[in-house]
Amino acid sequence: MSKKGCCGCSDEALRIWRVRYLGLCYLVLFSGFQAAQTLVTPIFKNVGTVALTLLYVFFAIGAVFAPIIAAKFGFRVNFIVWGLMYGIWIGTSLSGIDGIFLAMSILLGFAGGPFWTGQGIYVSAISKNQDVGRYNSAFNLLFFLANPIGNLITGLLYLLSPSAPAAPIAAPVDIATPTNSTPTALVAPVAASAISEQSKIVLYVLLSICLGGALLFFGISVPDDARIPDSGPFLKRMRSVWHALVSARILAFVPYMFYSGFQLGFNWGVLPTLVELKLVPWLFVCYGLTQCIISPGMGRLYDRFKWRAMIFINLAAGAGAFILVPMFGKSTTTIWPLFIATAYCGIVENQSLTFVQSSLLDHYRDDVAPAVAVFRMLWAIGIAVGFLVQLGLNYVHMSILEACVLAVSAAVVVIYE
């Protein structure tokens, strides 16, 4: 017979509710941030690409120190303080000063490490390391709604506005040119001051949503038995991160974690440049909806088949993604094939995040913080590289590079098997 909580519901139901509330906070926060993130590269061109590259480079650095920072401040303060920085980042994009925007990208990147590591530790602590796939799916189902909701709001704002779409708007890029390169991009990058009034209104709305999500973290419930583990002095904590990095399970995951991040850098950086700005939000509505639809099933599949079978499924799906996007991106008569390819990429992203984090929470039950920190570090490095190479490669070449990373990932999993 299951235990009853103070509200009369079972202990398990209460724990699922706590994870879902965390997912709700992330849903609101990232409805603002992710929608803004998809506008960065089409609006700011190279400046936007550099900003996102810096963000995820420093995300990787922040992830190294994440267990220490998270243990120092605790769950609630960790979520509130770092969550507010996502809203501030959107605000600095409106400042008209590229240097401030880039500097805030560095600060947000460093904050993102403990912010997301805290999320993994919280889910692990609440789940009591049982049916971690189910608890991850409960979080992901809400979190992945952020993409379609945020981009739906953005799309409607652009659609209903009587003014012209934000300037400057590049035509969809040719597959033979670097994805974020224009003839004058490196000489005269688009400054924040060049945003149209219409886009400024959109970003102000997204800023308000993001700050509202950060404030929701005040309602986070932290039971007595859910604490961020304090592994002792600084050097001991850093050694725990190093030991997690060189453990057999993590080493087997290194190429896959990098591949997962590189794939996101490809999706977030390249796909928005393939259509005109007013269509970018609708592209990512499709992307997010497919993530939400498959989310419950992904957790159940993991709990049943565990990590090896699921990773091979995801790698096979990833192979399809890097074939579909170049193939459908060539269409000059209709954009619907690209929408189909984008929706497919959303499925692949959901698989990657669910399988990797569920496996780590399952395997490192006694010391989950360093393992999650290492995952977020490698994942962020992959995203940063994915953004960086866009400055010199077209998306066909990026697909070939992604295929090579995928092949290495599959080979390492086979060897570990």
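The following paragraphs go through a predicted model, from its overall make-up to a few residues in helices α2 and α6.

Residues are numbered from 1 along each chain as its sequence is written. Because the model is predicted, local features need pLDDT of at least 70 and side-chain atom pairs count only at pLDDT 80 or more, while totals for chains, interfaces and linings use all residues; side-chain values use heavy atoms, with hydrogens and water left out.

The chain has 12 helices and 0 strands, where helices (H or I, at least four residues) and strands (E, at least two) are DSSP runs numbered from the N terminus. Confidence is given as pLDDT, the predictor's confidence in each residue, from 0 to 100. The chain averages a pLDDT of 74, and 65% of the residues score at least 70. Helix α6 has the highest confidence, at 91, and helix α7 (residues 234-246) the lowest, at a mean of 57. Over residues 164-193 the pLDDT is below 50, although this stretch has 74 contacts in the model beyond near neighbours in sequence. A contact means heavy atoms within 4.5 Å.

Of the 417 residues of the chain, 58% count as buried. Buried means under 20% relative accessible area, exposed over 50%, and partly exposed in between (1.4 Å probe, protein chains only). The accessible surface comes to about 15800 Å², and 70% of this surface belongs to carbon and sulfur atoms; areas come from the Shrake-Rupley method with a 1.4 Å probe, and for residues only the protein chains shown count as cover. Among contacts with a separation of 6 or more, 87% are between residues 24 or more positions apart.

In soluble globular proteins, nonpolar side chains tend to be buried together. Here the largest nonpolar core holds 90 residues, of which Tyr26, Phe30, Tyr56, Trp89, Phe115, Phe217 and Trp379 touch the most other members. Helix α2 gives the most to this core, with 18 residues. A nonpolar core is a set of buried Ala, Val, Leu, Ile, Met, Phe, Trp, Tyr and Cys residues joined through side-chain atoms within 4.5 Å.

Thr92, in helix α2, counts as buried because its relative accessibility is 10%. Leaving out residues up to four places away in sequence, Thr92 touches Ile100, Phe101 and Met104. Gly213 lies in helix α6 and is buried at 0% relative accessibility. Gly213 and Tyr86 are 127 residues apart in sequence, yet their C-alpha atoms are 9.8 Å apart in space.

Helices α2 (46-93) and α6 (197-216) also meet the surface: each supplies at least two residues of a nonpolar patch. This patch, of about 440 Å², is made by Leu84, Ile88, Leu211, Leu215 and Phe218. Patches are made of residues with over 30% relative accessible area and no salt bridge, with like charges joined within 9 Å and nonpolar side chains (Val, Leu, Ile, Met, Phe, Trp, Tyr) within 5 Å. Leu84, in helix α2, is partly exposed, with a relative accessible area of 30%.

The count comes to 1 salt bridge, defined as a side-chain nitrogen of Lys or Arg within 4 Å of a carboxyl oxygen of Asp or Glu. Glu197 forms a salt bridge with Lys200, with the closest N and O atoms 3.7 Å apart. Because Glu197 and Lys200 are 3 residues apart in helix α6, about one helical turn separates them. Glu197 is exposed at 55% relative accessible area, whereas Lys200 is partly exposed at 23%.
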